Amino acid sequence: MVPSPRKVCSVLHRLLWAVFVAQALASVLVDLPYSYAAGWLPAVAAVLLGTGLALTARRAEAAAAARGPVEVAPPVAGTWSALNSPADRVPSHGTRAYGQAYAIDIVAEDPDRPRPAFAWFGPPARRPEAYPAFGVPLFAVADGTVVRAEDRLRDHRARSSLPGLLYLLVVESLVRAVAGVRQVTGNHLVLDLGGGTYALYAHLRRGSLRVRPGDRITAGQPLAACGNSGNSSEPHVHFQLMDGPDPDTASGIPFTWRGIGVPHGGEVFTAPPPQAPAEDRAQTQAQAPTLTDDRAQTPAEDRTRASSPPQAPTPPRTETPPQAPTPPQTSAPAQPPLPKGPSPHTPGHHPRHRPGGVVPER
């Protein structure tokens with residue numbers, strides 16, 4: 001497959017930055033065989049190429065914005081707060097690269113286990129398990145098809161202090177940007193929602209994917225778990241819509257979450273649990289019998305009998321054996337009467353009554 005011109009320009013853009021960074025590091029150790037001004041040429045070319053890519057993306061985003069936001073279900077359930085929201089600015093992350101002009105970051109809020117506070121000079125990093133968002137399930141925002149899925153990258157520690165954040169912004173982010181979109185998004189998932197709309201979930205937990213490329217998914221289906229892979233300061237969900245499956249060449253598309261909208265930065269919101277997929281609900285209703293269905297399938301006579309009050313049990317009837325011919329009466333003395341056996345209605349000897357049917361449990 002021949003790569004598109006935008007893909008070629010994106011790769012060239014990264015290579016130019018990689019050359020500039022490599023020569024800057026080499027100049028500290030050795031004298032380069034060209035002038036100082038020539039060393040800036042890769043950076044200048046990268047800036048010009050990046051500007052052209054941004055202008056192209058901006059035109060595509062303007063056309064998408066004119067059509068209005070695409071409504072989808074929220075990818076999470078429970079209480080969350082928003083960061084870097086397109087409700088506050090576009091591009092929300094300060095760049096249009098990787099189709100993230102309308103991307104949003106959200107973090108989980110748990111009153112029983114609050115997020116560790118940012119410490120200016122505290123521990124430079126914390127384990128991702130210390131954050132309530134880590135491991136929380138993520139759900140499909142609409143019906144669609146999985147086109148990209150990756151969950152082999154490790155979950156690194158959170159950059160929870162000023163030294164850690166500076167390292168992320170100055171060193172780690174630059175290296176990841178040069179390495180490519182895979183190192184930026186970390187473990188990620190891309191869904192084709194149809195109509196030229198694609199959903200990206202980034203920074204997933206390692207080994208948490210439940211789907212593979214080519215799988216058909218339904219809205220509300222569990223897909224993966226929140227993690228801290230890629231260019232991430234703490235465990236959080238990065239979500240965006242875009243107009244193509246490759247973040248390297250895609251442009252952002254505005255979104256709105258059904259029943260929530262687009263939360264502003266710092267806004268706390270609660271997403272309801274997703275409903276079961278429509279096929280599962282239909283199958284469950286078909287398999288679960290109801291009282292109405294049972295009555296509809298019962299003959300009228302049985303329904304009448306079932307609706308009448310219960311009758312008292314009838315004692316069992318016994319047949320009288322045939323009598324032998326009566327002999328002639330004699331003068332023999334009369335015999336005393338024999339004692340009678342227990343009656344069917346004697347206390348402690350009640351016959352068991354078996355009802356005609358049982359209404360199945362619903």
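This is a predicted model: local features need pLDDT of at least 70, side-chain atom pairs count only at pLDDT 80 or more; totals for chains, interfaces and linings use all residues.
I then looked for a bend and found a kink of about 40° in H3, centred on Leu168. Leu168 also turned up among the buried residues of H3, together with Gly164, Glu172, Ser173 and Arg176. What do the buried residues of H3 pack against? I traced them to helix H4, residues 181-185.

Next I stepped back to the chain. I listed 7 helices and 13 strands, and I saw that 35% of the 362 residues count as buried.

My search of the whole structure for aromatic pairs gave 9. In one of them, the ring centres of Phe20 and Trp40 are 5.0 Å apart and the planes meet at 50°, so I logged the pair as tilted. Phe20 sits in helix H1 and Trp40 in the loop between H1 and helix H2, 20 residues apart. Buried or partly exposed, I asked of Phe20? Phe20 is buried because its relative accessible area, 17%, is under 20%. Trp40, at 39%, is partly exposed.

I also looked up Tyr201 and Phe239, an edge-to-face pair with 5.6 Å between centres and 75° between planes. Tyr201 lies in strand S7 and Phe239 in strand S10, so this pair ties together parts 38 residues apart in sequence. Both residues are buried. With Phe255, Trp257 and Phe269, they form one aromatic cluster.

Conventions
Residues are numbered from 1 along each chain as its sequence is written. Side-chain values use heavy atoms; hydrogens and water are left out. The bend at a residue is the angle between axes fitted to the seven residues ending there and the seven starting there. Helices (H or I, at least four residues) and strands (E, at least two) are DSSP runs, numbered from the N terminus. Buried means under 20% relative accessible area, exposed over 50%, partly exposed in between (1.4 Å probe, protein chains only). Contact means heavy atoms within 4.5 Å. Rings of Phe, Tyr and Trp (its six-membered ring) pair if their centres lie within 6.5 Å; planes under 30 degrees apart count as stacked, over 60 as edge-to-face and the rest as tilted.
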